[in-house]
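Visitor: I'm new to this structure, and I'd like a close look at a single part of it. Could you pick a place where helices pack together, walk me through it, and then show me what else is around?

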Amino acid sequence: MADQNAAANNELSTCAEVRRSFIEALCALGIEASEARREAEIALMHVTSSAAHELLLRADQPLAEAHAQALTEILNQRLVRKPLQYALGETYFMGFKFAVGPGVLIPRPDTEVIVEAILAEIKATAGLQQRCNLLEVGAGTGAIVISLLMLCPNLTATVFEISPQAAHFCRINALCHGVYERLNIIEEDYMTGLPQLSGHFDLFCSNPPYIPVELARELAPEILLYEPALALVGQGADGLGFYRNFAQILPSVPATAQATMLVELGQGQGADVSAIFEQAGWRDLRLLPDLSGIERVLSARK
Ligand SMILES: C[S@@+](CC[C@H](N)C(=O)[O-])C[C@H]1O[C@@H](n2cnc3c(N)ncnc32)[C@H](O)[C@@H]1O
């Protein structure tokens, strides 16, 4: 990936040259220029352990050989469409760093909407100083629950995660962020585990697999080839199987009188998922938009 003339003269390429080659290689794959620029920035910051402004200040300076090599290794993984986050082994969510890798869903920025909504709920009801107990189904990396545990010192939580690889990442992230003691990770199908659960919960949440199988076929290669289908593809032709099961099973879980339930939704699923929870007896239903104005979260009260 180094500039050819520089390589011929055994010279090191500058940061700017290496960055340009990285962007060109990604664009040649069909990745949008803005995304290619963003990835080049993140990859360069990662290999050099530098901030974006430091890279700009050093744009005309040569990139150390070890850094150039590390960048080439990342690019080689991107050339077979492995997601950048898997190549780096990390991603950021709610401003916190999370370990990620094959076998676990990469947390998406849209999912920050449910975290913000749960935070607002905790502040409005219990307040950050009160004890609060949360249950999440499908923890993945633990992005939602671990962010909340870090932001709410009096929160305790239980999560179900069926995938051993995902549960492993969740444990690592909880340990790294110092919240492991307040998190009970149950590596089991929630359908069998939930009815046997003890303890009273104030909040229920999930970002479940909700993509209808038909639409899943059209996902970008990074997602389709590398991210776990178990985390993405919803049950049933409409992808809404999880919500139907969750709405039915939740009343059997011990909860406080005013318990609130929040679930993330796929685009265009707001009305159908609201109807599912309304029919199951949930009230005060509210649909919350993401930054693009898409209905992203449904909240409801017991
Ligand atoms: C969309 S991912 C969400 C991961 C994480 N909460 C996030 O927002 O990034 C859904 C997660 O649910 C898990 N899952 C799917 N079916 C499950 C089940 N029956 N019981 C427990 N977990 C399940 C998947 O393994 C996956 O980690």
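**A close look at a helix pair**

Guide: Let's start where α14 touches α15: Y243, R244 and A247 on the α14 side meet V273, I276 and F277 on the α15 side. Sorted by class, that contact holds 5 nonpolar residues, no polar ones and 1 charged residue. Keep in mind as you look around that this is a predicted model.

How do these two helices lie against each other? Helix α14 covers residues 241–249 and helix α15 covers residues 270–279; their axes come within 9 Å and cross at roughly 20 degrees. Angles under 35 degrees count as roughly parallel, so α14 is roughly parallel to α15. As for handedness, the crossing of α14 and α15 is right-handed.

In general, a pair of packed helices is described by the angle between the axes and the distance between them. On the α2 side, the contact is made by C15, R19, F22, I23, L26 and C27, while α3 brings A33, A36, R37, E39, A40, A43 and L44. By class, you'll find 10 nonpolar, no polar and 3 charged residues in the contact of α2 with α3.

One more pair, then. Helix α7, residues 112–124, packs against helix α8, residues 143–151, at an angle of about 35 degrees, and their axes are 10 Å apart. Once again the crossing is right-handed, with α7 passing α8. The residues that meet are I114, V115, I118 and L119 from α7 and I144, S147, L148 and L151 from α8. This contact of α7 with α8 has 7 nonpolar residues, 1 polar residue and no charged ones.

Now for the strands. There is an open sheet of 7 strands, and reading across it you get β5-β4-β3-β6-β7-β9-β8, with mixed pairing. At the edges sit β5 (183–186) and β8 (283–289), each of which pairs on one side only. On average, neighbouring strands of this sheet are turned by 15 degrees against each other, if you ignore direction.

Finally, step back to the whole protein. It is divided into domain 1, residues 4–80, and domain 2, residues 90–301. Between the C-alpha centres of domain 1 and domain 2 there are 35 Å.

Notes:
Residues numbered from 1 in each chain as written. Predicted model: local features only at pLDDT ≥ 70, side-chain atom pairs only at ≥ 80, totals over all residues. Pairing = 2+ DSSP bridges. Helix = DSSP H or I, 4+ residues; strand = E, 2+ residues; numbered from the N terminus. Axes fitted to C-alpha atoms, helices over the stretch in contact; angles between N-to-C directions. Domains from an automatic or database assignment. Parallel < 35°, antiparallel > 145°, perpendicular 65-115°, else oblique. Left-handed = near helix turned anticlockwise from the far one by under 90°. Contact = placed C-beta atoms within 7 Å. Nonpolar A, V, L, I, M, F, W, Y, C, P; charged D, E, K, R; others polar.
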